[in-house]
Amino acid sequence: MDNKKEIIIDIIKKQDLISLKSFIKENTDFPFNFTTDNGKNLLHYAANKVSHNTLSVIQILLEKGLDPLAVDENFESAIDVAEKNNNIPALTIMNSFV
């Protein structure tokens, strides 16, 4: 995996909204809709944690075209991940996009 993908995964895992906005501004042609070797997209990582930035981070990713129903190698969608982690803000916003 290339360095920019590792950077954005780390930003999403931390739900660092300031860094996310900065990354987007500096990388206008970045393909946000990529999947990792295990089939996860960035929404899978965002749905794993609840923070005060959860809604904003997931909203940005959804606007970038990420699919909350896309499944990883374990056949789990980002919505499934949010349910397992009782991430109500993530569930709410992702369900409004499907």
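Leaving aside neighbours within four places in sequence, which residues is K49 in contact with? In this predicted model, K49 lies in the loop between α3 and α4, and its contacts beyond those neighbours are K13, K14, Q15, T54 and N87. K49 counts as partly exposed, because its relative accessibility is 36%.

Helix α1 comprises residues 3–14. Its 12 residues reach 17 Å from the first C-alpha to the last, close to the 16 Å expected at 1.5 Å a residue. The buried residues of this helix are I8, I9, I11 and I12. Seen down the axis of α1, these buried residues fall within an arc of 160°, so they line one face of the helix. The cover over the buried residues of α1 includes α2 (17–26), α3 (42–46) and α4 (54–63).

Both ends of α1 show local features. At the start of the helix, a side-chain oxygen of D2 reaches to within 3.1 Å of the backbone nitrogen of K4. Just after the helix, Q15 takes a positive phi of about 55°. Q15 is also one of the residues in contact with K49.

Side chains of opposite charge can pair when their charged atoms come close. The count of salt bridges in the model comes to three. One of them joins the side chains of D10 and K14, with an N to O distance of 3.1 Å. D10 and K14 are four residues apart in helix α1 and are therefore separated by about one helical turn. An α-helix has 3.6 residues a turn, so residues three or four places apart point the same way. D10 counts as partly exposed, because its relative accessibility is 35%. K14 is also among the contacts of K49.

A further salt bridge is formed by the side chains of K40 and D72, at 2.9 Å from N to O. This pair links distant parts of the chain, 32 residues apart: K40 is in the loop between α2 and α3, and D72 is in the loop between α4 and α5 (78–84). Both K40 and D72 are buried. For D72, the relative accessible area is 4%, which means that this residue falls in the buried class, the limit for which is under 20%.

The side chain of D72 takes part in two polar interactions described here. The side chain of K40 is in polar contact with that of D72 at 2.9 Å. The backbone nitrogen of E76 is reached by the side chain of D72 at 3.0 Å. Not counting residues up to four places away in sequence, D72 touches N38, G39, K40 and H44.

E76 also forms a salt bridge, its partner being K84, and the closest N and O atoms of this pair are 2.7 Å apart. The two partners fall into separate accessibility classes. E76 counts as buried because its relative accessibility is 18%, whereas K84 counts as exposed because its value is 59%.

Note on methods: Residues are numbered from 1 along each chain as its sequence is written. This is a predicted model: local features need pLDDT of at least 70, side-chain atom pairs count only at pLDDT 80 or more; totals for chains, interfaces and linings use all residues. Side-chain values use heavy atoms; hydrogens and water are left out. Helices (H or I, at least four residues) and strands (E, at least two) are DSSP runs, numbered from the N terminus. The expected span of a helix is 1.5 Å times one less than its number of residues. Buried means under 20% relative accessible area, exposed over 50%, partly exposed in between (1.4 Å probe, protein chains only). The arc is that of the directions from the helix axis to the C-beta atoms. Contact means heavy atoms within 4.5 Å. A polar contact is a pair of N or O atoms within 3.5 Å; within protein, one must be able to donate a hydrogen and the other to accept it, and residues adjacent in sequence count only if both atoms are side-chain atoms. A salt bridge is a side-chain nitrogen of Lys or Arg within 4 Å of a carboxyl oxygen of Asp or Glu.
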